[in-house]
Amino acid sequence: MFSKDIGDLTEREKVVRLFARRVIFIIAMLVVVASLAAFSMTLGAAKISAADAYKGLINALFPDAFDITDRTVRIMVNLRSPRVLMAAAAGASLAMGGAITQAILKNSLATPYTLGVSAGAGFGACLAILMGVSITAGTIGIITNAFIFSMIPVAVVIVASRFRTMSPMAMILCGVAISYIFGASNTLFQYFGDDASVKSVVFWTVGDLNNVSLWNLSYVGPVMTAVFIAGMLMAKRINVLGMGDDTAKSLGVNVERIRMTGLILSCLLTATVVCFTGTIGFICLLSPQISKVFVGSDMRYLLPSSALVGACLLLIADMGSRMLMSPVMLPVGAITALVGGPAFIMLLFSRRKNMTGIRV
Amino acid sequence: MSPFGNIRDRGAGTVEKKRGICVDLDVNGIHFSYGGSPILKGVSLKVGAGEIMGVLGPNGSGKTTFIKCINRILTPSQGEVLLDSRDASDISSGELAKMIGYVPQNASYDYTAPNVYEVVMMGRCPHSMGWQSSKADDDAVWTCLEKLDVDHLATKDFSKLSSGQSQRVLIARALAQEASVLLLDEPTSNLDVKYQLEVMDTVKGLAESEGNIVCAILHDMDTAMRYCDKVVMLENGEITAAGPTVEVLTPENIERTYGVKAAVEFIHGRCRVMIL
């Protein structure tokens with residue numbers, strides 16, 4: 001069928017071809033992500049050859065498989081693999097959060113960040129770092145605080161929607177308002193904080209992958225998998241939401257329940273990542289837009305492809321952050337925003353009319 | 001007593017039920033209020049299989065609210081909607097979606113536009129909510145696309161269709177639901193004369209061949225005269241006239257409801273409504 005000219009195809013063949021192209025894009029992205037992750041494992045400040053890097057990884061799984069120094073194995077296990085795996089998982093998670101939020105709120109600018117997840121996490125971390133207010137001490141305290149406060153905006157939306165029906169726009173505005181409140185509080189605390197602590201808060205807010213550990217992935221991985229499965233199961237109903245709430249209701253979809261479930265899942269997933277990495281910007285906004293160009297708006301294809309594009313973007317940004325001023329490691333959150341901003345503008349004003357679904 | 005008490009059997013019994021579940025739509029005394037102000041004040045109607053019911057009335061008379069109350073997009077404060085004597089409020093939303101198809105006034109999409117095949121596939125949602133569509137769903141979608149003569153548009157962006165094409169696609173989606181009741185909210189608004197006739201011919205054809213019950217909000221009284229078996233006229237949420245089309249669309253009723261003078265003449269083999 002693929003050898004035929006598009007003009008010779010019947011409509012049924014064109015539909016099959018369209019869906020096949022989407023599947024091929026997803027498989028291709030899977031290969032790209034795996035290749036980028038493998039390549040990223042070979043990069044770092046320590047002078048380790050690519051062959052030794054892979055041998056070190058294999059030795060970590062099967063001790064004494066190769067004649068490699070313990071130092072190499074430790075670097076691969078404790079530094080590079082957590083970083084690379086977290087870059088892929090965090091990129092995929094942030095992108096999925098963005099894709100779900102944009103679809104359920106029917107707004108291409110809506111992301112868990114717009115709903116206040118990042119501002120909440122920033123405020124939680126600020127409380128722990130500057131004021132020492134947290135359930136437990138140290139890094140765990142910061143992570144716990146960030147997670148709890150990042151879920152506050154969505155909790156406010158859930159409580160408010162129990163008293164009155166909230167439109168998608170009202171939900172977004174509610175999140176924006178809460179973001180401002182958290183942002184202002186954060187600024188006030190920093191105003192009175194000591195220099196070292198303020199610097200820590202700023203570093204945390206930018207978002208980076210320097211401090212991630214393998215145990216972080218034991219939280220991010222399961223949440224990411226669960227949200228992916230739930231998202232795929234809800235995909236058809238999320239698609240129908242795009243045609244308007246009335247149409248969705250007439251097709252038997254419980255609009256309020258789907259919207260609220262999607263909101264909770266996307267914010268939970270984003271909060272789980274953000275509490276470990278800080279706020280890494282633009283992935284959640286950009287990945288669904290890029291994916292839409294290749295696979296359209298059907299959530300059954302958009303969700304996996306957004307996840308893979310997100311993983312790909314963060315892996316590239318992470319490599320850039322490590323290599324641009326090596327051996328200095330730049331915060332990856334700054335790289336994603338610096339590269340993501342122009343990329344998004346290019347996409348928005350691209351000559352392929354309406355390719356992102358946003359009217360300009 | 002319902003205004004249709006003496007006329008409901010005129011068309012209902014004459015069309016054989018070909019598929020689907022519902023052969024009788026019976027709406028009794030529907031009341032609905034928005035924020036305390038009443039929109040519908042005891043509206044009733046009865047429609048049988050194969051009949052087209054036109055819902056007419058000036059802007060703000062409650063036509064769209066009435067249609068939305070029938071398929072429970074809005075919940076009426078009083079009254080009941082019976083589908084083959086079953087109260088719609090006792091039917092789950094999923095099951096109701098298999099019985100009633102809704103074609104909204106505006107073929108709007110709030111997010112990125114899907115293609116025509118995907119839009120019609122959405123009509124299969126009540127039948128398969130899982131993530132994957134089955135071969136049966138695919139066959140049903142193609143059948144509906146072909147029935148509405150939009151199969152050649154399957155891979156086109158829904159946003160790039162003409163108004164007439166998008167109306168036909170939305171009707172195809174409602175058919176993909178396998179619904180026996182079709183609720184159409186101004187299916188001919190924004191369409192030129194050719195597309196108006198095309199869409200209404202399609203609707204008429206479905207009612208005749210498939211036995212669908214059709215409730216259509218219409219603004220053009222001549223279109224109603226041409227296609228509807230029955231008509232209900234609403235004003236300020238109340239029925240001002242109801243019954244067989246030729247009996248309801250009289251110059252007196254039109255003037256009372258719309259405040260305009262009209263004439264009904266028998267020209268070229270059928271009654272025509274002309275606004276004077």
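**Close-up views of the interface between chains A and B**

**View 1. Polar pairs and salt bridges link chain A to chain B in this predicted model.** Across the interface of chain A and chain B, 6 residue pairs are in polar contact, both residues at pLDDT 80 or more (N or O atoms within 3.5 Å, one able to donate a hydrogen and the other to accept it; residues adjacent in sequence count only if both atoms are side-chain atoms; pLDDT is the predictor's confidence in each residue, from 0 to 100). The interface also holds 3 salt bridges (a side-chain nitrogen of Lys or Arg within 4 Å of a carboxyl oxygen of Asp or Glu), and the side chains of Arg12(A) and Glu146(B) meet in a salt bridge at 3.5 Å, N to O.

**View 2. The contact takes 38 residues from chain A and 42 residues from chain B.** Contact here means heavy atoms within 4.5 Å. Lys236(A), Met243(A) and Leu251(A) supply 22% of the area that chain A buries against chain B, more than any other three residues (buried area is the accessible area, 1.4 Å probe, that two parts lose on being put together, summed over both).

**View 3. Over residues 1-19 of chain B the pLDDT is below 50.** This stretch has 42 contacts in the model beyond near neighbours in sequence. Where pLDDT is low, the predicted coordinates should not be read in detail.

**Notes.** Residues are numbered from 1 along each chain as its sequence is written, and chains are lettered from A and ligands numbered from 1 in the order in which they are written. Local features need pLDDT of at least 70, side-chain atom pairs count only at pLDDT 80 or more, totals for chains, interfaces and linings use all residues, and side-chain values use heavy atoms, with hydrogens and water left out.
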